[in-house]
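Me: Could you walk me through this model, one question at a time?

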Amino acid sequence: MDPLAIESSVDGAHMDSNGTVAPYTDAIDAARILLSGLTDKLNTLRDGVINNLSTESLHDFRITIRKIRCLLAEMDGILPEPGLTENKDDFRKMMDKTGLLRDLEVCIQMLEENKGKKIFANGELEAVLAHVHLNENKERKFFINYLKSEDFKVQRKQWKNYL
């Protein structure tokens, strides 16, 4: 059982006294519990990405999106339409928007780890690192604007209504 189910905000779900999903819970209720917990976590991580708490915030945000997408894919045919396909597409688009920023963060980390190596004695690495930092800052602003956008708010509302 995913520990996120314990953090779920789903009220009235079939949970036993230990906070775990009861064996008689149907698939739709179990999916709602898991998806609600993942959504709560995604909202918390969104705030971390916006506040630039750490590069791990974006990484965790992406992992949470992957978990939601995986569960939606596995529950295809069980979770109801309309809404399932639209939400699956919305989460795919959200993941796509995180790709370049995460790649730049990883690139910066790799460049920082190699700063002290003698093969970069003429300052070439510093110039590359400065360029990558500029692109990372630009991409971070773009992604934060997306997370604060009306489109993202509408998507979150549609997702909440679906759950």
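**Helix packing and a buried arginine**

Reply: Happy to! The axes of helix α1 (residues 27–50) and helix α5 (residues 150–162) come within 12 Å and cross at roughly 160°. Helices here are DSSP runs of H or I with at least four residues, numbered from the N terminus, and axes are lines fitted to C-alpha atoms over the stretch in contact, with angles from 0 to 180 degrees between N-to-C directions. This is a predicted model, where local features need pLDDT of at least 70, side-chain atom pairs count only at pLDDT 80 or more, and totals for chains, interfaces and linings use all residues. Residues are numbered from 1 along each chain, and side-chain values use heavy atoms, leaving out hydrogens and water.

Me: Are α1 and α5 roughly parallel or roughly antiparallel to each other?

Reply: Their axes cross at roughly 160°. Angles over 145 degrees count as roughly antiparallel and those under 35 as roughly parallel. The two helices are therefore roughly antiparallel.

Me: Which residues of α5 make the contact with α1?

Reply: Contact means heavy atoms within 4.5 Å. On the α1 side, L35, T39, N43 and R46 take part. Their partners on α5 are F152, R156 and W159.

Me: Is R102 buried or exposed?

Reply: R102 sits in helix α3 (residues 84–113) and, beyond neighbours within four places in sequence, contacts T55, E56, L58, H59 and R62. Its relative accessible area is 13%. Under 20% counts as buried, over 50% as exposed and in between as partly exposed (1.4 Å probe, protein chains only), so R102 is buried.

Methods: Parallel < 35°, antiparallel > 145°, perpendicular 65-115°, else oblique.
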